[in-house]
Amino acid sequence: MQYWVKVVFADNQELMVKEAIRHTISEDMEVLEVDTAKEVIIVPMKQIKYIACDATVFAQKAKG
């Protein structure tokens, strides 16, 4: 399932990933990883103001 993830950085720049297949925060809470079929984007958490994503990803996990 593909969904969108939006990352807003501390300097208010934005990164919109429209075809994400997974996003996770590392166990040590240091980095955010956003995966697509073509790339893996790794962002240090210290640079992030907030993260938003398509809520349907949570509805799909609750059903299955």
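**Note on salt bridges, backbone and confidence**

1. The side chains of E33 and R22 form a salt bridge, with N and O at 2.9 Å. This pair connects distant parts of the chain, as E33 belongs to strand 3 and R22 to strand 2, 11 residues apart. Both partners are partly exposed: E33 has a relative accessibility of 23%, and R22 has a relative accessible area of 41%. The structure discussed here is a predicted model.

2. R22 also forms a salt bridge with D35, where the closest N and O atoms are 2.6 Å apart. R22 is in strand 2 and D35 in strand 3, so this contact ties together parts separated by 13 residues in sequence. D35 counts as buried because its relative accessibility is 8%, below the 20% limit. Through shared partners, the salt bridges unite R22, E33 and D35 in one network.

3. A search of the whole structure gives 3 salt bridges. One of them joins E14 and K6, whose closest N and O atoms are 3.6 Å apart. E14 is exposed, at 52% relative accessibility, whereas K6 is partly exposed, at 22%.

4. Two residues other than glycine have a positive phi. N12, with phi near 70°, lies in the loop between strand 1 (3-9) and strand 2 (14-25). M29, with phi of about 60°, lies in the loop between strand 2 and strand 3 (31-36); M29 is exposed, at a relative accessible area of 54%.

5. The protein chain has an average pLDDT of 91, and 92% of the residues score at least 70. Confidence is highest in strand 3, at 98, and lowest in helix 1 (residues 56-63), at a mean of 66.

How values were computed: Residues numbered from 1 in each chain as written. Predicted model: local features only at pLDDT ≥ 70, side-chain atom pairs only at ≥ 80, totals over all residues. Heavy atoms only, no water. Helix = DSSP H or I, 4+ residues; strand = E, 2+ residues; numbered from the N terminus. Buried < 20%, exposed > 50% of the residue type's maximum accessible area, 1.4 Å probe, protein only. pLDDT = per-residue confidence, 0-100. Salt bridge = Lys/Arg side-chain N within 4 Å of Asp/Glu carboxyl O.
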